[in-house]
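Have a look at the model first.

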Amino acid sequence: KFQVKSGARAMAPRAMAPRRVALAAWWLPSVVGLNNGVSLRPPMGYNTWNDLGCEALSAASVMQAADALIQQGLSDVGYEYIVIDDCWASDRDPVTQLLVANPQNFPAGMPPVVDYIHGRGLKVGMYTDRGPKTCEGRPASEGFEWVDAATFAKWGADYLKEDSCFASTDHARALHQYGIMRDALLATGRPIHFALCGWRPWYASYGADLANSWRISMDVNFWTGVWYAAVINSELSQYTRPGAFNDPDMLLGSTPGATRTLEPHQSRTQFSLWAIMAAPLILGAHLAELSAFDLETYTNSEVIAVDQDELAIQGTILWEDCPARSLSELETTIETTLPPPPECRQIWGKQLSDSSYAVIVVNWASTMSSVKVDRATMLKIGLDAGARVRDLWSHQELGVLSEPQYDIEGFGGSRLFRFMAPHFAV
């Protein structure tokens, strides 16, 4: 969990990438690429961290989250993983070398919790770290990758998040360690989504060789983090494909009770942007008491379909009037200062498998703005004759428009549409 304490220009879809640095040969994994057959579309589920943190994590709270996922209808629209994040482990057995669950919070160990979640028809995610201890100082997997992978598989884990706290910052060493865990998971024979959590964009160029998803930026704990995750990820679209996804971090809701929240309109913008970016949709809200607004956000089948589109294309920025920036500048910024989003606007687009486009207009500025999807932007998505436009939040057909213009709320407002050719048959 990496945290920092706290004139318009038209743009073609970007092909900029972090430079793939020359590394010592010993880092290379023992197999070529990751081919585990899972997550051909971005994973959907819930993670305990933003909701329960460390103090409230227990067998009971995890099982309650699984129950709430089902009761709220979230499992009906595709959410399937219950990911148990940091603080579940307390020790490592000195004889067997096996991880030991916190006896106060998980008195019967982890297998009964895993069995309960599976019994509810859901999948289970576990957590570890590539260093000697986790971000919260619990035992981690450095030097025990094969033991831990076998343990997780024996318990029936379907997903593993491996963090990067207290670990070497050397790129070659990091890749080597993630490669060991990747190979250890594959050796179990169990299909397990491997979620690499290194918080840096340079992982993207290696990501598909190592994992099913890889974190590309800092933890998103507040609205400014959404901006940095989005613009960093905008430089990495070429690395996403079925079974391999850039991960800009978990979703924040607006329902009180979770450890981290956004304003309602900001949480909806984050959800929309993550769908455009073909990102994992991992909820961090308190599921049992979701507000009607958050529940509507998370169960919008039209927006989920954008994220889950079978092409698994990551959307790109089509137009913006935001300041010019480079990936290296952004990475330096998140490691030092963290200024708020600039006073600017963006239009993103994502091609869908039926040849339509999902289009989001985002206002990062502090005041309401009017944004036009002009002819030059329409040409970039092949709709020079205009488009049939559908609002994916109001579920309304808006007619055939040539240069649609929208007033967008400040401080993170957005509008999300589906643009189709005028003759498109629904």
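Predicted model: local features only at pLDDT ≥ 70, side-chain atom pairs only at ≥ 80, totals over all residues.

**Aromatic pairs**

- There are 15 aromatic pairs in the structure, a pair being Phe, Tyr or Trp rings (for Trp, the six-membered ring) with centres within 6.5 Å.
- Y406 and F417 count as stacked because their ring centres lie 4.3 Å apart and their planes sit at 25° (planes under 30 degrees apart are stacked, over 60 edge-to-face, and the rest tilted).
- That pair joins distant parts of the chain, with Y406 in strand β18 (residues 405-408) and F417 in strand β19 (residues 413-420), 11 residues apart; helices (H or I, at least four residues) and strands (E, at least two) are DSSP runs numbered from the N terminus.
- Y406 is buried at 7% relative accessible area, and F417 is buried at 0% (buried is under 20%, exposed over 50%, partly exposed in between, using a 1.4 Å probe and protein chains only).

**Salt bridges**

- The structure has 20 salt bridges, each a side-chain nitrogen of Lys or Arg within 4 Å of a carboxyl oxygen of Asp or Glu.
- D148 and R92 form one of them, at 2.9 Å from N to O.
- R215 bridges to D219, with the closest N and O atoms 2.8 Å apart, and both residues are buried.
- A network of salt bridges links E302, R388, R390 and E397.

**R268 and its partners**

- R268 meets E296 in a salt bridge (3.0 Å, N to O).
- Here R268 sits in helix α8 (residues 264-276) and E296 in helix α9 (residues 292-298), 28 residues apart.
- R268 is buried at 13% relative accessible area, while E296 is partly exposed at 41%.
- R268 also lies over the face of W393, at 4.3 Å from the ring centre (the cut-offs are NZ of Lys or CZ of Arg within 6 Å of the ring centre and within 35 degrees of the ring normal).

**Another charge over a ring**

- The charged end of K133 sits over the ring of F166, 4.5 Å from its centre.

Notes
Residues numbered from 1 in each chain as written. Heavy atoms only, no water.
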